[in-house]
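Here are my notes on this model, in numbered points.

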Amino acid sequence: MKFRKTLIGLLAGATILTSAGIAQAAEITLKVSHYLPPSHGFQKDFLENWGKELSEKTNGKVEVKVFDATSAFGKIDRQADQVRAGVMDMAVGLNGIPRDRYPAASVIEMPFLVKYADSGSETLWQLYKEGLLGSDYNDFKVLGLFTHEGGLIHTLDTPVRSLEDLKGLRLRTPSPAVSAMLESFGASPVGLPPSAIYENLQKGNIDGLVTTWDLVNAVKANELLKYHTDAAAYTAGFYFVMNQKKYDSLPEDVRAAIDEISGDTLVGKFGDWWNKWEAAGKANAQKHGNEIIEIDDATRAKWQASVQPMIAEYLDGLKDKGVTDPDAIYKRAQELVAEFDAKYHAGDK
């Protein structure tokens with residue numbers, strides 16, 4: 001009985017992924033962690049499928065074990081550290097937590113830069129491939145970088161229809177870049193992990209949050225929220241990284257398989273995934289009878305103009321964090337976003 005309890009404890013919060021139909025036992029087990037519930041798209045659509053594909057391409061030689069937020073390895077602020085230390089082989093994490101880990105990559109989070117997940121993800125990945133992100137991810141084998149759709153402002157009791165409505169609101173923020181934006185609008189940013197959002201909304205410790213449809217749905221916040229302002233005000237950057245020594249130690253065919261299903265191939269999938277995840281979150285808000293406030297392009301342009309001083313100040317501050325030429329990164333990001341928007345969204349309003 002004691003052994004059985006120990007085994008159950010070890011497996012709690014972990015999902016083992018192997019390819020169905022492959023009879024042989026896996027020779028290699030790779031561990032990957034993330035900070036969201038096991039029902040989230042990060043696991044169901046992204047990591048589980050990635051693991052199955054890797055198993056198939058290696059003829060069952062590799063299995064992937066996923067550790068989610070319910071496990072001992074699901075803390076949002078420890079994802080990269082666990083990979084660096086070799087506790088985890090891979091992890092998916094949020095760039096903004098802990099603060100200032102990836103200062104060059106935070107340029108993608110400038111207000112009103114990214115409206116679509118596909119354009120944002122492709123842009124962030126291209127910045128990395130062009131070497132513009134400096135030493136941000138030097139410790140890792142980078143398997144992919146991506147962003148979410150342009151984020152919304154979700155509130156409990158105060159509908160946000162203008163910038164003036166944001167003044168004095170305490171809003172959960174995912175990153176320093178978003179915090180700077182909120183402060184420029186007169187709001188008070190509050191840093192919280194996703195797991196703490198519902199409780200703090202319920203207790204009135206925060207008045208709302210800036211995030212995606214997907215996350216408010218994942219943490220069941222639509223039960224409490226009343227208003228959702230769709231301004232595509234910001235995005236957040238994410239990483240999917242691997243321990244470099246672990247990658248280097250793998251057989252050549254396994255490394256080739258990892259490379260084949262990661263990078264460009266993987267990053268190109270996030271647009272469709274986020275569309276799916278966002279649609280589910282929006283539908284859930286509508287089911288609860290919440291009001292959705294749409295911000296038109298003209299108003300969004302005015303809001304964007306108002307934060308130009310904040311953007312300039314933020315970029316200048318990145319120099320103190322070791323970023324050589326943040327203005328050049330921002331300019332290139334703007335060019336890339338425009339290119340990918342034209343490629344993927346030319347017919348969108």
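1. Start inside: the largest cavity holds about 150 Å³ of space. Of its 17 lining residues, those closest to the centre are Tyr35, His148, Thr211, Leu215 and Phe238. A search of the whole structure finds two cavities of 30 Å³ or more. For the terms: on a 1 Å grid over the protein atoms alone, a cavity is a set of points where a 1.4 Å probe fits but cannot get out, while a pocket is an open set with protein on both sides within 12 Å along at least five of seven lines; a lining residue has an atom within 4 Å of a point. Grid points are joined across faces, edges and corners, and a volume is the space filled by probe spheres set on the points.

2. Before going on, the ground rules. This is a predicted model, where local features need pLDDT of at least 70 and side-chain atom pairs count only at pLDDT 80 or more, while totals for chains, interfaces and linings use all residues. Residues are numbered from 1 along each chain as its sequence is written, and side-chain values use heavy atoms, with hydrogens and water left out.

3. Now the open space. The largest pocket has about 500 Å³. It is lined by 22 residues, and Lys115, Tyr116, Glu149, Asp230 and Ala232 are the closest to its centre. Helix H11 (270-287) and helix H12 (297-306) are the elements that give two or more residues to this lining, and H11 gives the most, with four. Helices (H or I, at least four residues) and strands (E, at least two) are DSSP runs, numbered from the N terminus.

4. Ala232 sits in the loop between strand S10 (227-230) and S11, and counts as buried at 5% relative accessibility. Buried means under 20% relative accessible area, exposed over 50%, and partly exposed in between (1.4 Å probe, protein chains only).

5. Which residues touch the most other members of the largest nonpolar core? They are Trp50, Phe240 and Ile258, in a core of 111 residues. H14 gives the most to this core, with six residues. A nonpolar core here is a set of buried Ala, Val, Leu, Ile, Met, Phe, Trp, Tyr and Cys residues joined through side-chain atoms within 4.5 Å.

6. On to the rings: there are 23 aromatic pairs. Trp50 and Phe240 make an edge-to-face one, at 5.2 Å centre to centre and 85° between the planes. Trp50 is in helix H2 (residues 41-57) and Phe240 in strand S11 (residues 237-243), so the pair ties together parts 190 residues apart in sequence. Trp50 is buried at 3% relative accessible area, and Phe240 is buried at 1%. Phe340 and Tyr344 form a stacked pair, with 6.3 Å between centres and 15° between planes. Rings of Phe, Tyr and Trp (its six-membered ring) pair if their centres lie within 6.5 Å; planes under 30 degrees apart count as stacked, over 60 as edge-to-face and the rest as tilted.

7. Phe340 is buried, with a relative accessible area of 12%, whereas Tyr344 is partly exposed at 32%.

8. Helix H5 (residues 176-184) has seven of its nine residues buried, so it is largely enclosed by the rest of the structure. Those buried residues pack against strand S7 (170-173), strand S8 (188-191), strand S9 (208-211) and helix H13 (308-318). Just after H5, Gly186 takes a positive phi of about 90°.

9. Last, some backbone to check by eye. The peptide bond from Ile97 to Pro98 is cis, with omega near -5°. Pro98 lies in the loop between strand S4 (90-94) and helix H4 (117-129). Asp100 lies in the loop between S4 and H4 too, with a positive phi near 65° and a partly exposed 37% relative accessible area.

Key:
Contact = heavy atoms within 4.5 Å.
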